[in-house]
Structure formats: structure tokens, C-alpha cells
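Here are my notes on the model, as numbered points. Please read them with the structure open.

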Amino acid sequence: MSNLRLRLLSYVIMAYMLMAFAWWSMLLFTKNNDAFHAKRDLLKIGMIAEGRVRSNTEFEQTIDYLELARKYKRQEYMIFGEAMVFVLTLLAGLWFINQGYQREVRANNQRRNFLLSITHELKSPIASIRLVLETILKRELPRDKTNQLSTSALRENERLHELVENLLLSAKLETAYLPHFEEMDLANLLEDLLAKLADRHPEASIALEKPDDFPLLKMDKQGILSMATNLLENAIKYADGRPEVEVQLSKTSKHVTLSFADKGIGIPDKEKKRVFEKFYRIGSEETRQTKGTGLGLFIVQQVVKAHNGQIQVLDNQPKGTIFKITIPT
Ligand code: ADP
């Protein structure tokens, strides 16, 4: 049964239950009222026969009558209280069903977006590598042309490799990710990565600010590399014009702090939390211009978590985004 039908069915059942309960409550009220009146009349007749009271006003002041009326009122409150608890429980149930449904719809949209984007991400490098190989095979080309084509094919291949790595890592992160902590030179890793990215994106300006002397730290090298690559690729991808990225590395006695600041399109406040969800991308796949799978920031967050660290998304000034990561050492 589809989700929508299930939701409709549950609403119908709840509405029926509400109406049935309202009817039962009314009935109970009326019966309670009838029982009270019958008991009151019986009591009054008995008292009059015994000559204990002479008028209605006198009867309504007797202890027996007051006790009966109090008992009746208590029952009325009880029925009302039960009805309220029932209605509130039902409403809470309705709210939970709705939340679950919204979550399901979101997850479905994200899965659909992911399939669309991953197909696109895989298709374009495969097509360009194929084109390069066909050109090299078909034609006798000068050496420098072959070199140029091979370099571009290699780049596309690298993109494919990174994509597959991201897919594997994100699958592992949820089930079998065992970070392998080893002494590593974080400053050096960043320098190498920045050089590689500068080569891949010659139009971008990427700067690194770090202390002269940076100690070796015990970290999961593969995870950290993937984290930094994803953040830097994003900073370049979501630039507004020429990409400008600043990476800052610093250390105190207890923490190492890494920040990636760009001057790009920025992330609206309401999206700042959601961008870390698996497959989540801002906007819709039909209108989006940039390539991606929505896995990058999910991986980043999981790697930070594996290091017991924290990640913050801040607005850069005058525009852009800063991802600030703090990891205890
Ligand atoms: P994607 O493969 O779409 O880049 P990510 O998980 O890396 O997936 O990022 C999720 C979304 O967060 C992106 O689709 C983008 O909308 C937004 N985003 C990530 N980094 C930045 C950034 N530096 N500037 C602006 N938006 C960003």
C-alpha cells in the first residue's frame, strides 16, 4: 500500500475513533445524568415519606443529597478527563504519523535526486574518456596533442575514482567504518592536496595559513584526506565567480582547528544543518547547475565524528561560507 493511502487510512480510522469516542462520551454523560436524577428522586421520595424534609429547598440542603451531587460531579469530571486524555493521545499519534510521513517523503526525494545526480556524475567522465580514447585510436596525432588528451582523460578518471571512493566511504561510514589512527603530518597533507587542486582548478586561488612548525598528530589519514578534499572541492564548486579559498590550520594544547573559508554563494541558515544529511543537496536536481551527489558533507561530518571533533558552518564576510572543524588531540 502506498504511503499516501496508508496515511489517509490512518486519518480516516482516527477520525472515526474520535467521532465514536465523542458519541460514547455523550452517551455516558447522559446516562450518568439520568442515573443521578433517578437516584435523587428516589432519595427525595424516601425522605418526604419519612417526614425528614418538606420542600425541595430543604431536600437540596441535606447531607445525603449534597453527597450524591458531589459523587455525580466527580464522575462527570472523570468522563471529561478521560475524553481529554484520549483526544490528546490521538492527536499526538496523528502528529507522529505526519512526521514519519514527511521524513519518508524527504528520504524518497533525496534518493531520487541521488540517482539522478549519480547517473549524471558517472556518465559524463565515462563519455569523455571514451571520446579521448576513440580520438587517439582513430587518428595519428602529434605527441603534444596526445599528451593533452591523455591528461584530460586522466583527470576525468581521477574524478571517477574520487566519486567511487566517496560512495564506498559513505557506505562504510554507516556500517563498518573503523578509522585507522596513525601519526601523520596534517600540514603536509594539506599542502599536497592544495597543490593537486590548484593544478586541477587553475582558475582558483587557494591559500593555506599554518604555523611554521606543526607537530605530527594521530589521525585517520584516509578520512582526513577525504574530508579536506570534499570541503575544498565544494568551496571551488559553489564559488560565485572566481573561486577564492582560504584554509587555516592552527593548534592549541588541546585542539587542532581547521577552517575552510570561501567567498561563494553561501548556505542559508535554514539549510546549515541539513547539508550534512546523506544525499542532501540544496534545491532540486531539475534546476541545479552544479554536479554532485550530496555525499560530501555527510562524509565530512562522519569523519569529524570519528575523531570526536565538531564541525560548524558559519557565514563568511561579506559573503561565502566557513566550515570550522575542531578536533581534540
Ligand atoms: P554535493 O555533492 O552536492 O556537493 P555535499 O554533501 O558536499 O554534496 O554538499 C551538500 C550541499 O551543501 C550542496 O549540494 C550545496 O548545496 C551545499 N554546499 C556545500 N558546500 C558548500 C559551500 N562551500 N558553499 C555553498 N554551498 C555549499
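1. A residue counts as partly exposed when its relative accessible area falls between the buried range, under 20%, and the exposed range, over 50%. I13 has a relative accessible area of 41%, so I13 is partly exposed. Bear in mind that this is a predicted model.

2. I13 sits in helix α1, residues 3–50. Together with L9, Y16 and M17, I13 makes a nonpolar surface patch of about 390 Å².

3. Two helix pairs deserve a look. The axes of α3 (residues 63–138) and α4 (residues 143–175) come within 9 Å and cross at roughly 155 degrees. The two helices are therefore roughly antiparallel. Their crossing is left-handed.

4. Helices α5 (residues 186–200) and α6 (residues 221–237) pack at about 40 degrees, with axes 11 Å apart. That makes α5 and α6 oblique to each other. Their crossing is right-handed.

5. The structure holds 18 salt bridges. One of them pairs D64 with R52, with the closest N and O atoms 3.5 Å apart. D64 is in α3 and R52 is in the loop between α1 and α2, so the pair ties together parts twelve residues apart in sequence. D64 is partly exposed, at 34% relative accessible area.

6. E244 and K263 form a salt bridge at 3.3 Å, N to O. E244 lies in strand β4 and K263 in the loop between β5 and α7, so parts 19 residues apart in sequence are tied together.

7. D315 bridges to K272, the closest N and O atoms being 2.9 Å apart. The pair links distant parts of the chain, 43 residues apart. D315 is partly exposed at 41%, whereas K272 is buried at 13%.

Technical notes. Residues numbered from 1 in each chain as written. Predicted model: local features only at pLDDT ≥ 70, side-chain atom pairs only at ≥ 80, totals over all residues. Heavy atoms only, no water. Patch = residues over 30% accessible without salt bridge, like charges linked within 9 Å, V, L, I, M, F, W, Y side chains within 5 Å. Areas by Shrake-Rupley, 256 points an atom, 1.4 Å probe, with all protein chains shown as cover. Salt bridge = Lys/Arg side-chain N within 4 Å of Asp/Glu carboxyl O. Helix = DSSP H or I, 4+ residues; strand = E, 2+ residues; numbered from the N terminus. Buried < 20%, exposed > 50% of the residue type's maximum accessible area, 1.4 Å probe, protein only. Axes fitted to C-alpha atoms, helices over the stretch in contact; angles between N-to-C directions. Parallel < 35°, antiparallel > 145°, perpendicular 65-115°, else oblique. Left-handed = near helix turned anticlockwise from the far one by under 90°.
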